[in-house]
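Biologist: I am new to this structure and would like to learn how to read it. Could you take me through it?

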Number of protein chains: 2
Amino acid sequence: MSSLPISARSIPFPTSTRKGSVGTVPISPWDSLYFAGCPDLIGTPFSYAREEEIYGEAEEAEFVYKLLDGAVRTHKILSDGRRQITGFHLPGELLGFEQQDRHRHAAEALTDTRMLIFRRRQIERMAACNATVACQLWSLTARRLRDAQDHMLLLGRGSAMERLVAFLIDLDLRLGATGTFVLPMSRRDIADYLGLTIETVSRLMTQLEVDGALLRCSGRQLSLHRTHLDRLIAF
Amino acid sequence: MSSLPISARSIPFPTSTRKGSVGTVPISPWDSLYFAGCPDLIGTPFSYAREEEIYGEAEEAEFVYKLLDGAVRTHKILSDGRRQITGFHLPGELLGFEQQDRHRHAAEALTDTRMLIFRRRQIERMAACNATVACQLWSLTARRLRDAQDHMLLLGRGSAMERLVAFLIDLDLRLGATGTFVLPMSRRDIADYLGLTIETVSRLMTQLEVDGALLRCSGRQLSLHRTHLDRLIAF
DNA sequence: CGGCGGCCTTGATTTAAGTCAAATCCAATA
DNA sequence: TATTGGATTTGACTTAAATCAAGGCCGCCG
């Protein structure tokens, strides 16, 4: 359970034998070392390489992660290999927060990433006696629930094009709403997030470019035409 | 905002002019008048008729509801009429819990229902200064998030048959796992929950019966063959 | 009891997206 | 710079589920 960091294969502490490693972390406004504004909780900087697993499904939820930079995907897999990506996580966002002892999904780094890690037990202990912290945690979970419900609507009732467009717009917003960004994930990841195939995603991408709704430099580097894209969805 | 119950169209209090009405409520183990085990929060019994709206999307989230009996659906609607049912709620479950001032979806009674209603502000006030209550609320939201993520997997990667079978099994479990129950919702509701059409749901239902995976007495009265059904899904 | 109207089922046909199969692009590295 | 292997695109074809269109069932009320 709360064994020392050395033992479990999943543990991303400096003492671990895993690929991840500590790096220097420049602190910008949003990436305070504190968790939920609580000065008693100080995170430990840590980093993961591209495609490295952060934690596995059903693995013990020992840590909570606050993403400093890079990008992470979380997913669930069925026995026959079908995969559903449940979310992408960008800098400033929280990761690995479970209320139970085991993770409900796996998490992997999409790109090289840096994070702060916190012990879940410690945070829970803090929440148990500090209503402000507990409310903030509740808030975070509520936010995720809302996102999940929006995504349900998209998956259940959106056409392939609507799913892709909504995804691109959402990603742009979360990356700063500049209209220009580099996709941190592969077509496969996008397809598995949207419940589509890579071929469909690829075809739609091409069609959007042909229609002038976006510009592609090299595969993953995009410039969106918001006004044009907005017209394509009802979401 | 926190005006008296009389004013707003949405208010389901005894003094309201709406269809809903107070009834006597027999208290069984799970339906304590308390909220989150907190004796300071006493709910007011109230009831809704079949198909009656409990609250609308984007309406102010003034109340929280604890279902005593009956069944409720929550949904989101797009401008063009497409609807996604985000969840069905059965006795003992909580409803209308938002962290924001407005509801994210609409709620309607599937059958005649009885509930307890609580003022959201009061509960929030309680949570703000009582860590135990806050943690319980967090727990509830986390549970819903997990359900939502499971449903995402189903919507994103499940075939029509897998969606229906998973739905039937889940419903049976939540209704007491007897294997025999009456569907409280129409085919349209099921279809809108599973991201399918009513015709597809109907055809699959027939096929399940032909295959001996379930028995139908009259449309909505079902008996499931769990072992047979379990073989049809990977979820 | 009979008819009305909303569900539900069934059948025929269409279509959006999936599958299978090849090219191409492109980035890492030798 | 040349090589190589994964990622992406594109094309041809298939299919699961949607759509369109009748019918049948059933509960309710006159």
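Modeller: Gladly! A residue is near a molecule or strand if one of its heavy atoms lies within 4 Å of it. This is a predicted model, where local features need pLDDT of at least 70, side-chain atom pairs count only at pLDDT 80 or more, and totals for chains, interfaces and linings use all residues. Residues are numbered from 1 along each chain as its sequence is written, chains are lettered from A and ligands numbered from 1 in the order in which they are written, and side-chain values use heavy atoms, with hydrogens and water left out.

Biologist: Which residues are the closest to DNA strand C?

Modeller: Of the 16 residues that surround DNA strand C, the closest are Thr200(A), Arg203(A), Arg187(B), Thr206(B) and Arg216(B). Sugar and phosphate make up 63% of the atoms of DNA strand C that come within 4 Å of the protein.

Biologist: Which side chain has an N or O atom 2.9 Å from a base nitrogen of DNA strand C?

Modeller: A polar contact is a pair of N or O atoms within 3.5 Å. Here the side chain is that of Arg203(B).

Biologist: How are the two copies related?

Modeller: In general, two copies of a chain are related by a rotation about an axis and a shift along it. Here, a rotation of 180° with 0.0 Å of shift along its axis superposes chain A on chain B, with an RMSD of 0.0 Å (least squares on the C-alpha atoms of residues with pLDDT of at least 70 in both). The two copies are thus related as by a two-fold rotation axis.

Note on methods
Polar contact = N/O pair within 3.5 Å; in protein donor to acceptor, adjacent residues only side chain to side chain.
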